[in-house]
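I opened this notebook to keep a record of what I looked up, entry by entry.

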Amino acid sequence: MNTQKRGLQQFFIGFLAIFCVFSIFFGATTPANAYELLGCRWPTKSIAYHIGIDCLYEPDAEAAWETAIDDWGNACSINFLYNNSSYNCLDVVYEEDSKHLGDTYSNYNTETNAYIYFVSVLNLAHDELEVGTIRRSVANHELGHAIGLADDNTPLLRAIMNQTRKRILIYKPQDDDIQGVNAIYG
Amino acid sequence: MSSYKKRAFLVPIICVIIVLSLFAFLSNSNSIQPLLTKAADDETNSMWTIGAITRHLDCSIVEGLSEMVNGAEVIVVGQYTGLDSSWNMSRNPQNPEEESSKTYVEGLLYNFSVHEVLKGELDSDTILVNHRHSETKNLIESNAEIDSAGNIVKDATELNEVQFTLEDPLFIEPEENVVYILFLRENQRRGHYYGNAEPFSMKVTDDVVALQSNLIEHTDDFLQTATLENGQTINVTTEIGAIEDTISGQTFEEVKEAILAAQ
């Protein structure tokens, strides 16, 4: 009986020690919940948009926006709904010599912190955007800004909002991004 | 060792480990930021006015010297010798030979005298290097009503287009008579050169290299105030992620050797 008790004690202590070592290791190396928020939000989870005139001439870019809209819709409770009478706009620009792959301007009410409208663009002059997966990655990143997520360049963080991500590998919202959206919209 | 002594030895150790585990877990979890206390949750219509503007970029950022070397077609050592001209970097997407009719993005072309080429080939020992300087945007101010999802529910009866200009938060004015190492790409259409990722420039002073970027260890957003044509001022917040500087402080020869080795 005594031997059994001691065995159980040793098993429990061993288990606890291994659990603690793993907790310390993963706690120190994995940036959990690293998302950053902008402090603004849409009052609704259904956000209207229309495709800009220049984008209508660029089917690859339009497809990137549509795919990104599906990616966010599949990942969380936010829905982007097409409405031609929306001021929210997804478009393209052609800015030569630029480091910018994508860009989002948002106008918000300073009293309520509610967004009024946003305009997001893909910069088709940047040679990286010739790759479809990278276009999708940038489109998803910009939509993340449009709904209230900020950049987070924590090294090795697997998130669409990380500007230093490998865009060819991380092209749709990741767990960290989804947690960020949930923190804003519930 | 008796059972009592063993227990007296093990229990404090286990307690310390548990406390450390809890600390590691808690310090790593983001506490949910207090936010949106004022956000309108009801779906009331809002009048469309120009409030404050946030701007977010997905910017091409390179980390460390080897990424800078791999991303550049040409790496040169030399000096800026003055401003040559300015141009509109924003082009018509359907015909890049034409300027954009919507936006003016001012690029400044500087003359650069090349002393040494560390990567790639150049036909001339003087090149033009473009720096993105500023951007002029148009905003439409109107009395249209939009709903909480961004739909226009009542068309505008009054409409006013206003402009504002912002200096690029990443712009650093090049200094003359100072040696720089530049990591460049060629604009094939126009023949000049530019940095296609941040950072792309290093300054050499007294044989010591300093990486050039406004993103180095910056933690806050760039806050700028723009004045509209009608006199109204708006706050524009530009958010770009920070970068880590692992290069500054090395000697020119050390960096040059590392550049050559990385090819």
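I began with B:Glu135, which counts as buried at 5% relative accessibility, where buried means under 20% relative accessible area, exposed over 50% and partly exposed in between, with a 1.4 Å probe and protein chains only. I then looked up its partner B:Arg132, which is likewise buried, at 9%; the two form a salt bridge whose closest N and O atoms are 3.0 Å apart, the term standing for a side-chain nitrogen of Lys or Arg within 4 Å of a carboxyl oxygen of Asp or Glu. Salt bridges with shared partners join this pair to A:Glu95, A:Asp103, B:Arg55, B:Lys137 and B:Asp168 in one network.

For the record, this is a predicted model, in which local features need pLDDT of at least 70 and side-chain atom pairs count only at pLDDT 80 or more, while totals for chains, interfaces and linings use all residues. Residues are numbered from 1 along each chain as its sequence is written, chains are lettered from A and ligands numbered from 1 in the order in which they are written, and side-chain values use heavy atoms, with hydrogens and water left out.

Next I followed B:Arg189, which forms a salt bridge with B:Glu97 at 3.6 Å between the closest N and O atoms. B:Arg189 sits in the loop between β11 and β12 (193–194) of chain B and B:Glu97 in strand β5 (residues 95–99), so the pair ties together parts that are 92 residues apart in sequence; strands here are DSSP E runs of at least two residues and helices H or I runs of at least four, numbered from the N terminus.

I also noted B:Glu67, which forms a salt bridge with A:Lys166, the closest N and O atoms being 3.5 Å apart. This pair crosses between chains, from helix α2 of chain B to the loop between α4 (132–146) and α5 (175–185) of chain A. B:Glu67 is partly exposed at 27%, and A:Lys166 is partly exposed at 47%.

Finally I turned to chain B as a whole, where I found three helices and 16 strands, with buried residues making up 46% of its 263 residues. Among its contacts (heavy atoms within 4.5 Å) between residues at least 6 apart in sequence, 67% join residues at least 24 apart. Over all chains, I noted 20 salt bridges in the structure.
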